[in-house]
Amino acid sequence: MAKKKGETIVTVYPAWCKGCGICVNFCPGKVLEFDEHGKAYVARMEECIGCGFCELHCPDFAISVVAKDKKDNKNNSEHKDEGKN
Amino acid sequence: MARKPKRKELFALGNEAVVEGALLAGCSFFAGYPITPSTEIAEGMAAKLPQLEEGVFVQMEDEIASLGAVIGASLAGRKAMTATSGPGFSLMQEHIGYACMAEVPLVIVNVMRGGPSTGLPTNPAQGDVQQARWGTHGDHPIIVLSASDVQECLHMTIAAFNFAEKYRTPVILLLDEVTAHTREKIVLPRPEELTIINRTIPTMPPEWYVPYEETMRGVPPMPPLGSGYRYHVTGLTHDEHGYPTSKANEISALMHRLFRKIDQFFYDIQLVEEVETEDAEVVVVAYGCVARSAKLAITQARESGCKAGLLVLKTLFPFPRTYVEKLARQCKKVIVPEMNMGQISREVKRVNNGLSRVVTINRVDGQIITPGEILKKIYKD
Amino acid sequence: MVETTKLIHEYLRHSKKFPHVYCPGCGHGIVLGSIIRSVHHLGLSKDEVVLIAGIGCSGRMAVYVDFNTIHTTHGRALTFATGVKLANPKLKVIVVMGDGDALSIGGNHFIHAARRNIGVTALVLNNNIYGMTGGQSSSTTPENSYSTTTPYGHLERDFDVVNLALGCGANFVSRTTALHAQLMDKLLTKAIENPGFNVVEVLTPCFTQYGRKNKFKNVVEMYSWYRKNTIKVEKYKELPEEKRAGKIPIGVFSDKQEPGFEEKYGQLREKLRSKK
Ligand SMILES: Cc1ncc(C[n+]2csc(CCOP(=O)(O)OP(=O)(O)O)c2C)c(N)n1
Ligand code: SF4
Ligand code: SF4
Ligand code: SF4
């Protein structure tokens, strides 16, 4: 897990976001804001400290937080999982 | 040729015969709550099940919980049952509906006592017949069986499990206090003499499994939990994948399949015993302990030259209408003695439809109907 | 805890429509995420997990996740779970219930499952209200608060789920809130592995049916309330009596490893068979 600023990529899936405001209000870096449709979007990616709070607390699984250096092999967890079906 | 081992004989109560029958049928799970006059079934199971390799007996906090646990065990692949009497049977109605909807095979023995409410704990009655058919809310099919002597308690318990497994449905075995508490000699059949039916389990790869698929038989295969076929079980009206639906066509498909899977095998399910009916002019239709009195009455009537016959209903629902109709056509009078205000006679009258004269004998005073009472009606015009 | 959302997507049923039916900000979704992460963390296969849910918004969870799932009747989930666990002790049984489900209509089953120490994990999603049926009072609706059936304020007292579970002898008793997902993961991971009856109470906001009627402006305020009013149980115990009022302790309240009922029953069978 990245600890320094700017080491993570935060993605919001607007289709699943219900605009509850949990991520927007509790993000320690104030990374997220609401867009004109009332959905969360990443306004200040560089402020993200990669704490993972938004990802753990989005009730709709609409945010992912991925470490930048892991971007290329981010499918790891999915592969691991398939073996256990 | 090797000599066949002798069949074991027992001097048993009706309730004890139920225990023997259940074990022969492959029952390995019992959950229940004590209530007279069914308690000997729970006690018998409590003693015997832990002696089996995987047997489980559990006394739950009430009858709702008992049937809940039975459903859980059945979903996990066990042949499971419970036993109760009127007050407990009332509490079970919620989960009977669930078992119908989710198509969970299980057996419920209801040893009937006088009602309503706490009623007559130690007296016999037959007042739960229509409750067994219609007790849970919503339109649903169900199989209801009965037994009139101790040996039959054993065989009908096996039949109950077989039907439950074959049709993926709850089956209710209705006994009465007299049958359950009569002690007589019974013969334990050898396992190889019995036909034991087990539910069909899916054999296709799990990704192709459609849990509530529409098939000719109407009875989808049922995997035990944890065997690789992950699916959703629910009491909500569901589509063929088991997911809740409110689409009219899917609702209709489910409801019709639920009925069809029982209806189309009606001939397999209707079990009766005919006694001297070939030339009978008067036919008694009876079930449970009353059938025993009726048998005596018929013998005496025949001795005095009266052409009387008896139809013993072992299946109460789906109602064995073909037998009743055939006899109603042939005879002048049908007598329906029962220990309620006329719960099976309603069915008989419906099927009779004016073919013959239907006479009822109804007792609701906690006393059995005697052969003499039936005989009187046989002779009376 | 990165990449967890991708992981969660793997466990959801791809044939179901998302986003799920829950209201914006409803904590039930957070709990579902935590269950999935805990199962994954423990290295359990989807096949060995049985998720059994009661009736209510909380119960709807079962349909969304690709485990063996059973959506039972209102209040009776623990009875089904008892049957499943006794029939096949190898299965990991997780039971999800609302507060009304677990403690109002299902109260009798709850206390007996705890007393019997059946080996399941019982999650009580406590939103202090009947969410699904439109905001009627439940057995955890706080005194003086409003619901559609207590329009003049609730006169009854509410259950303390943790104390109730402790009183019934549950092995593992714990509490968290939907805002404390990391703690939730920890508690659930522990509970699923622990023998016997394990309780995880999750305080979770229902703004739609409870918050609005009780002076919360939005769901975020309800989460903030959890942040302000909860305290780690270890710290809570250090507080002097007079400072405890209004504080809700979270964490682990009991952590016993007594054998579950199914285990004891297995031992009984062994004993009887060895005598033969
Ligand atoms: C026997 C029965 N009684 C009543 C209902 C109606 N009902 C459905 S959900 C519910 C309450 C749900 O509240 P809770 O358990 O707290 O769960 P939530 O919806 O808040 O998650 C009720 C009363 C029912 N389905 N079955
Ligand atoms: S927490 Fe999730 S649903 Fe809520 S606003 Fe953020 S992204 Fe949207
Ligand atoms: S990971 Fe933490 S800092 Fe980054 S956006 Fe999410 S809540 Fe904000
Ligand atoms: S009504 Fe309440 S409990 Fe139900 S989904 Fe909405 S917020 Fe959640």
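Where is Pro19(C) found? Pro19(C) sits in the loop between helix 1 (4-11) and helix 2 (28-41) of chain C, where helices (H or I, at least four residues) and strands (E, at least two) are DSSP runs numbered from the N terminus. A cis peptide bond with omega of about 5° joins Phe18(C) to Pro19(C).

This is a predicted model, in which local features need pLDDT of at least 70 and side-chain atom pairs count only at pLDDT 80 or more, while totals for chains, interfaces and linings use all residues. Residues are numbered from 1 along each chain as its sequence is written, chains are lettered from A and ligands numbered from 1 in the order in which they are written, and side-chain values use heavy atoms, with hydrogens and water left out.

Another cis peptide bond joins Gly115(B) and Pro116(B), with omega of about 0°. Pro116(B) belongs to the loop between strand 5 (106-114) and strand 6 (120-124) of chain B. Most peptide bonds are trans, and most residues other than glycine have a negative phi. Lys30(A) is not a glycine, yet has a positive phi of about 50°. Lys30(A) is placed in the loop between helix 1 (22-26) and strand 2 (32-34) of chain A.

Next comes the interface of chain C and chain B. Here 38 residues of chain C are in contact with 40 residues of chain B, contact meaning heavy atoms within 4.5 Å. The two chains bury about 3,200 Å² between them, 58% of it on carbon and sulfur atoms; buried area is the accessible area (1.4 Å probe) that two parts lose on being put together, summed over both.

Four salt bridges are counted between chain C and chain B, a salt bridge being a side-chain nitrogen of Lys or Arg within 4 Å of a carboxyl oxygen of Asp or Glu. One of them pairs Arg116(C) with Glu61(B), the closest N and O atoms being 3.0 Å apart. On the side of chain C that touches chain B, strand 2 (68-71), helix 3 (77-87), helix 5 (107-116) and helix 12 (261-275) of chain C each supply at least two residues. Helix 3 of chain C gives the largest share, seven residues.

Strands also pair across the two chains (at least two DSSP bridges between them). Strand 10 (residues 232-234) of chain B runs parallel to strand 2 of chain C, joined by three bridges. Within strand 2 of chain C, Ile70(C) is the bridge partner of Val233(B).

Over all chains, the whole structure holds 37 salt bridges. One joins Glu193(B) and Arg7(B), with the closest N and O atoms 2.4 Å apart. Glu193(B) lies in the loop between strand 9 (183-188) and strand 10 of chain B, and Arg7(B) in the segment before strand 1 (8-13) of chain B, so the pair ties together parts that are 186 residues apart in sequence.
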